[in-house]
Amino acid sequence: ITIFLVVFTFITVGKPFVIHDFEEMEQATVEDYKELGTEDYYIIVYNEDSYKHDLIKEVVIEYANYARTTESAIKIYAMNYQENLDICNSNHLNISSKIDTNIPTLIKISNNSIVSADTKITVSTINETLVKAMNK
């Protein structure tokens, strides 16, 4: 019985954590999204109430797990739009006038600044960017 418990504990502790949903990803807020690290990273701004959420979810979760286990991958954080409404004002993304068409948004941060050329606002470009980053 002792050996079984030791083996079970080893397997349970050694089993890698797997991300299944956006809430399980590391979260960013409107206050800290430009200060999460020194390396480049992505932030996916999502709205669970949007039909587009379901269209990006599978690829984003797959990428989050890929980035978690691949040292060379760009890290990704999640930001719930409903909890960070100010992300769309002029001090941040400046997309408030087109919010329905611009959430979800994939933001790339480099040197504590948004890389505008790498900010993706359509389902297809978000999915393409993350799939390409996984070398698929």
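Author: Let's start with the rule: a salt bridge here is a side-chain nitrogen of Lys or Arg within 4 Å of a carboxyl oxygen of Asp or Glu. Keep in mind that this is a predicted model. By that rule, the count is four salt bridges.

Take D21 and K57: their closest N and O atoms are 3.6 Å apart, and they form a salt bridge. This pair ties together distant parts of the chain, with D21 in the loop between α1 (2-14) and β1 and K57 in helix α2, 36 residues apart. D21 is partly exposed at 22% relative accessible area, and K57 is partly exposed too, at 27%.

Next come E26 and K75, a salt bridge whose closest N and O atoms are 2.6 Å apart. Here again distant parts of the chain are linked: E26 sits in the loop between α1 and β1, K75 in strand β2 (residues 75-80), and 49 residues separate them. E26 is partly exposed, with a relative accessible area of 45%, and K75 is partly exposed at 35%.

Then there's K108 with D118, whose side chains meet in a salt bridge at 3.8 Å, N to O. K108 belongs to strand β3 (residues 105-110), while D118 is in the loop between β4 (113-114) and α4 (123-133), 10 residues apart. K108 counts as buried because its relative accessibility is 15%, under the 20% cut-off; D118 is partly exposed at 28%. Salt bridges with shared partners also join D40, K108 and D118 into one network.

Key
Residues numbered from 1 in each chain as written. Predicted model: local features only at pLDDT ≥ 70, side-chain atom pairs only at ≥ 80, totals over all residues. Heavy atoms only, no water. Helix = DSSP H or I, 4+ residues; strand = E, 2+ residues; numbered from the N terminus. Buried < 20%, exposed > 50% of the residue type's maximum accessible area, 1.4 Å probe, protein only.
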